Amino acid sequence: MPPRTNDHAPEGSRGTGPAEPAAPPRTARAQPGAEPDPGTFSSGARTAALRRFSGAARRSRGLRLMVCAALLAVATTAGAVAAGGARDGARADAAPAAGTLAAGVLARGDLDAGIRSLQAHLRAQPRDFGGWAVLGLAYVEQARTKGDPSRYPQAERAFVRSLALEPGNEQALAGRAALAAARHDFSGALEYADRALRQNPYSERALSSRIDALVELGRYDEAAEAADTADSRRPGVPVFTRYAYVQELRGDVRTARKVLERALAGASTAPDVAYVATALGRLAWNQGDHEVALRHYARALGVDEEYLPALEGRARAQAASGDRAGGIETLEQVVARSPLPGPLVALGELYETRGADGDRAKAQDQYVLVDAQTALARAGGVNADLDTALAAADHGDTRTALHAARAEWDRRHSVHTADALAWALHRNGRSEEALPYARRATATGYRDAAFLYHRGMIEHATGHGGDARRSLTAALELNPGFSPLGARAARAVLRDLEATR
């Protein structure tokens with residue numbers, strides 16, 4: 001299972017580093033709040049383009065550079081919607097924070113309508129710094145829900161405009177924290193969250209982003225303190241879900257479950273219900289409770305039948321429960337709308353294990369598409385090294401995987417980066433060097449079957465047969481459906497270990 005962050009937390013109404021402002025394209029500078037340029041790619045058109053490029057790359061590895069160049073063109077076109085910067089240093093008095101109606105639309109989950117309302121409002125009131133901040137958050141949410149990282153530069157321009165109109169305003173600083181976290185710039189997210197909290201210690205969004213940043217940086221004790229602080233200041237769904245994840249990372253699954261159940265009971269909007277129910281589904285999935293996970297995903301999809309994280313979770317639980325055909329069908333729906341690395345790898349592995357005519361080629365299509373999507377993500381300012389490391393270690397260039405994993409480890413020391421670096425080292429034949437990282441990934445009490453599998457395979461490669469047996473057995477007992485290919489490999493090694501006892 002891919003590393004879990006709070007990328008799927010609703011941003012329109014609830015909260016969840018510094019990057020240089022991206023200038024609008026010179027040839028198509030839009031007026032503030034302008035409607036999308038007719039050339040903007042829809043989600044479906046973007047996915048179709050990605051698949052054409054990645055299909056060509058699969059047939060010829062030499063075409064990969066063409067793929068990346070084409071994707072940069074896609075990203076530029078899709079990003080032609082410019083929020084607009086402050087005109088040549090013009091610094092007028094900011095209008096009172098408005099856009100209340102638009103923000104209410106966002107809270108109800110009607111994101112596209114909310115953005116249109118905000119754009120119209122900002123054409124009429126271009127000095128509304130609060131409106132620009134809300135628009136920036138809406139673009140962050142749009143990037144998340146549509147798998148479209150080209151929206152991130154738009155979000156950044158909106159925040160820059162807000163801060164130009166009202167320097168240091170908490171709304172824009174908290175928004176930039178959320179944007180930095182979405183781009184996996186967690187040091188930047190922490191800096192912006194701290195700046196926002198100096199302006200408003202009760203900012204729900206900044207409090208939430210601060211927890212996210214500390215978690216993803218691997219500073220778990222500080223994250224726990226931040227979660228306690230946030231809970232005392234702004235108890236509610238955004239804080240409860242993050243508090244639960246901190247507890248899960250420390251091995252306290254029971255508390256995590258109770259907190260999430262409390263959050264679900266208090267959720268009053270469809271986005272919140274979908275998000276919290278999906279978090280409960282992931283928690284159950286991680287513990288191998290696939291039927292319970294399916295019930296939670298059904299609850300999420302009952303309020304939002306197109307909620308991608310719940311669809312992805314349902315697909316994994318379907319396959320793990322024996323309904324491989326259902327899992328494939330659901331994942332095909334997910335990647336058709338949002339071809340992100342996690343579901344692409346999961347779908348490819350399900351094709352491989354099914355083994356029907358053409359499935360090997362289908363699987364390779366998914367793995368190459370990971371490269372295409374991460375190239376697009378990088379064009380939108382996203383640090384994609386962790387995704388690259390995890391996907392390439394098993395289904396790509398292992399040297400690329402190791403380079404990406406080392407780069408990510410240099411930035412942050414989380415359990416997920418430790419696991420990725422361990423696995424990339426192992427896949428490059430450096431298992432002795434990998435073992436300390438694999439042990440570090442499992443040292444906090446966090447129970448993840450993929451981590452245990454990686455550790456067991458590394459222990460096997462380094463001659464620690466007893467340890468390997470315990471780790472691989474624990475992985476399969478915890479969640480036998482964690483990965484169709486990984487589970488198969490774990491069982492094969494366990495058979496070999498039993499035969500040599």
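Ala-181 is buried in this predicted model, with a relative accessible area of 9%. The cut-off for that term is 20%, so a value of 9% places Ala-181 among the buried residues. Ala-181 lies in helix H7, which covers residues 170-182. Colleagues may wish to locate Glu-216 as well: 35 residues separate Ala-181 from Glu-216 in sequence, and their C-alpha atoms are 8.9 Å apart in space.

I turn now to helix H23, residues 449-461. How does the span of H23 agree with 1.5 Å a residue? The helix has 13 residues, which should span 18 Å, and the C-alpha atoms at its ends are 18 Å apart, so the two values agree.

Of the 13 residues in H23, 10 are buried, and the helix is thus mostly covered. Among the buried residues are Phe-451, Leu-452, Tyr-453, Met-457 and Ile-458; His-454 and Glu-459 are buried too. The cover over the buried residues of H23 includes helices H21 (415-427), H22 (431-441), H24 (465-478) and H25 (484-499).

Consider next the two ends of H23. At the start, a side-chain oxygen of Asp-448 comes to within 2.8 Å of the backbone nitrogen of Ala-450. Just after the helix, Gly-463 adopts a positive phi of about 85°.

Finally, a word on confidence. The mean pLDDT of the protein chain is 83, with 78% of residues at 70 or more. Residues 1-8 have pLDDT below 50, and that stretch makes 34 contacts in the model beyond near neighbours in sequence. Residues 59-103 are also below 50, with 94 such contacts. Where pLDDT is low, predicted coordinates should not be read in detail.

Technical notes:
Residues are numbered from 1 along each chain as its sequence is written. This is a predicted model: local features need pLDDT of at least 70, side-chain atom pairs count only at pLDDT 80 or more; totals for chains, interfaces and linings use all residues. Side-chain values use heavy atoms; hydrogens and water are left out. Helices (H or I, at least four residues) and strands (E, at least two) are DSSP runs, numbered from the N terminus. Buried means under 20% relative accessible area, exposed over 50%, partly exposed in between (1.4 Å probe, protein chains only). The expected span of a helix is 1.5 Å times one less than its number of residues. Contact means heavy atoms within 4.5 Å. A polar contact is a pair of N or O atoms within 3.5 Å; within protein, one must be able to donate a hydrogen and the other to accept it, and residues adjacent in sequence count only if both atoms are side-chain atoms. pLDDT is the predictor's confidence in each residue, from 0 to 100.
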